[in-house]
Amino acid sequence: MIINNTNKQEIEGFKMDLGNFLYNFIRAKEPLEIIMQWEIYNDITKDYKLIATSEKYHKDIVYPEGLGSILNQKNTDFVSYFMSEKIFFLDNSILQMMLQNSNVHIPYDYSIMLDTNYTSYIETFLKKFNASEFTEGSIYKTLDSLLRNNFNYDYTFYLLENYKNLFSSGKEMFTISNQKHLAVYENLYHLELFKSINQQSYINGNEIEFMISENEAKQRTDELINIFFKTNNKDKLKVFIDMHQNITLLLIGIWQIQFSSKASAKNKMKMVFEFVINKVGIYYERELITAFKYFENTQSVGMLNKINKGGNQEGLLERIENIAWDFLVPRVMEFQININKEKSFFIPLFLSHDKKLKELIRLFKIKGVLLNKENKEYIPISDLNTTQFFEERGLLDSLERLKSEEVMAKRARVREENIDTNFEIINTEIEKLTQLLDGNKEK
C-alpha cells in the first residue's frame, strides 16, 4: 500500500512538472527562455526531444530553398504543420554541444503530404502539360513548383484516406477489377511517373522526360500497394481507422447539439463534454477547441459549416466521414513526426487546394512537439493554453470532470465498447442527426 501511494505521488509529481514545463513553454517568446525551461525541468526533459518554433529565432530556416517563401504566399496550397517556419530542435545532446561551442549537426528531414484531390490532379498535369487552359491555374503552378524545386513529398495520407473506402465492404484483397481500387492504382501509377520526371529537362527544355519506363512505374506501384495494404499492416492501419470513426462520431455529436439547441456556446460545449463522456470516450482537444469556436460563430469554421439544415441529406454519413478525414490531417502529420524521431527531426507539410481544409489546419496553431525518446509518446503543444481557454469561458469544471479518475474509467469503457461493436453507435447517432437536419425531430 505504501509503495502504491509512493508511485501515485511520483506520477502526480511528474504530471505537475510536465504541466509546468508545457505552461512555461507556451508563454516563452525567446528561444533562450525555452532552453532555460528545458534545463529547469531536466528531470522531465532528459527523456524527450523537442521541435519548437519562435518568431525570435533568427537562424536559417529548416525548409529547403524556395519553400519558405511559398508558404508565406497568399492563398498558397502548401500548409505547414507548425505555426512558423522559424523552427529549432532541442534535446540534451544538442544542448551539451551548444554549451561546448561545438558545431551542432542536427539531422532533420521534411516531406509534403498530398491529399486525394491533389493526387488525382497529377494525371491531368501529365496529360495536359503546356495546354493553355491548364497552365494558368494555381494547381498547375503548384505542381510546377514541386518539380522545379525538387521538393520531397509522400502518399501517406492519400493511402490512409482511401484504405477505409477500399475495404469497407469487407473484402481484404486489393484488385484492379474493382473500380475504386483501380482509381487508386492509376493515381499511384501516375505519381510514380511524376516522381521520375527529369528535373533538368523540365527546367531547361520545358519538357517532360520520364527517367523510368511505364513498366517500371507499374512495378513500383505494385510494390507500394503490397507494402501498404498487405495483411500484416492491418493493425497499424486500424489505429487510424478507429481514430477516424471516433472523430466521425464526435462530429455527429457536435452537429446534433448545434441544430437541436439554442443555448449559448458555453452551454452547448457542456453538452459536447457529456457526449464525449457517454458516447465517444476519447478527449480530442483540438476538435473541442474548434467546436467551441464554431458554436460562437458558425462562419469561423468553414469545415463544420459544410453541414446545415434543409436540402438533400442523402449521403450524409459519407460527407461527414470525408470531413473527419480532413480533421485527421494534423494527426497523420504528428504520426510522421513521431515515427521518424529516432533517425531525425521531421517537419511535415500538407498540400491541398481545399480552402476550408487549409483554414482548419491553421485554426489550431502548433508551437512545438515534445517527443519521448523511450516510447511512442508525443505531445503536440499549441500556442493556446487550452486549460486557460476553457477556464476563461466558464468551462473549467467540465474539463476537470472529463479528466477525473472516475470519468476517465467510464470513458475507457465507452471507447472499448465502440471498438468491440465496430462503432455501431454511429448508425444510431447519424439517424438522430438526419432527423434534425430534415426538421423532423421527434418530440
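A salt bridge is counted here when a side-chain nitrogen of Lys or Arg lies within 4 Å of a carboxyl oxygen of Asp or Glu. In this predicted model, the side chains of Glu287 and Arg331 meet that criterion, with an N to O distance of 2.5 Å. The pair links distant parts of the chain, since Glu287 belongs to helix H15 (residues 285-296) and Arg331 to helix H16 (residues 316-339), 44 residues apart. Both Glu287 and Arg331 are buried.

A search of the whole structure finds 15 salt bridges. Another of these joins Arg401 and Glu274, at 2.4 Å from N to O. Because Arg401 lies in helix H19 (residues 396-402) and Glu274 in helix H14 (residues 265-280), this pair ties together parts that are 127 residues apart in sequence. Arg401 is partly exposed at 38% relative accessibility, and Glu274 is partly exposed at 33%.

Lys56 forms a salt bridge with Glu30, the closest N and O atoms being 3.7 Å apart. Here the partners lie in loops: Lys56 between strand E1 (48-53) and helix H4 (67-71), Glu30 between helix H1 (2-27) and H2, so the bridge ties together parts that are 26 residues apart in sequence. Lys56 has a relative accessible area of 41% and is partly exposed; Glu30, at 34%, is also partly exposed.

Salt bridges also link Lys279, Glu429 and Lys432 in a network.

The surface also carries a nonpolar patch, formed by Leu32, Met36 and Ile40, with about 320 Å² of accessible area together. Met36 is placed in helix H2 (residues 31-40) and counts as partly exposed, at 45% relative accessibility.

Methods. Residues numbered from 1 in each chain as written. Predicted model: local features only at pLDDT ≥ 70, side-chain atom pairs only at ≥ 80, totals over all residues. Heavy atoms only, no water. Patch = residues over 30% accessible without salt bridge, like charges linked within 9 Å, V, L, I, M, F, W, Y side chains within 5 Å. Areas by Shrake-Rupley, 256 points an atom, 1.4 Å probe, with all protein chains shown as cover. Helix = DSSP H or I, 4+ residues; strand = E, 2+ residues; numbered from the N terminus. Buried < 20%, exposed > 50% of the residue type's maximum accessible area, 1.4 Å probe, protein only.
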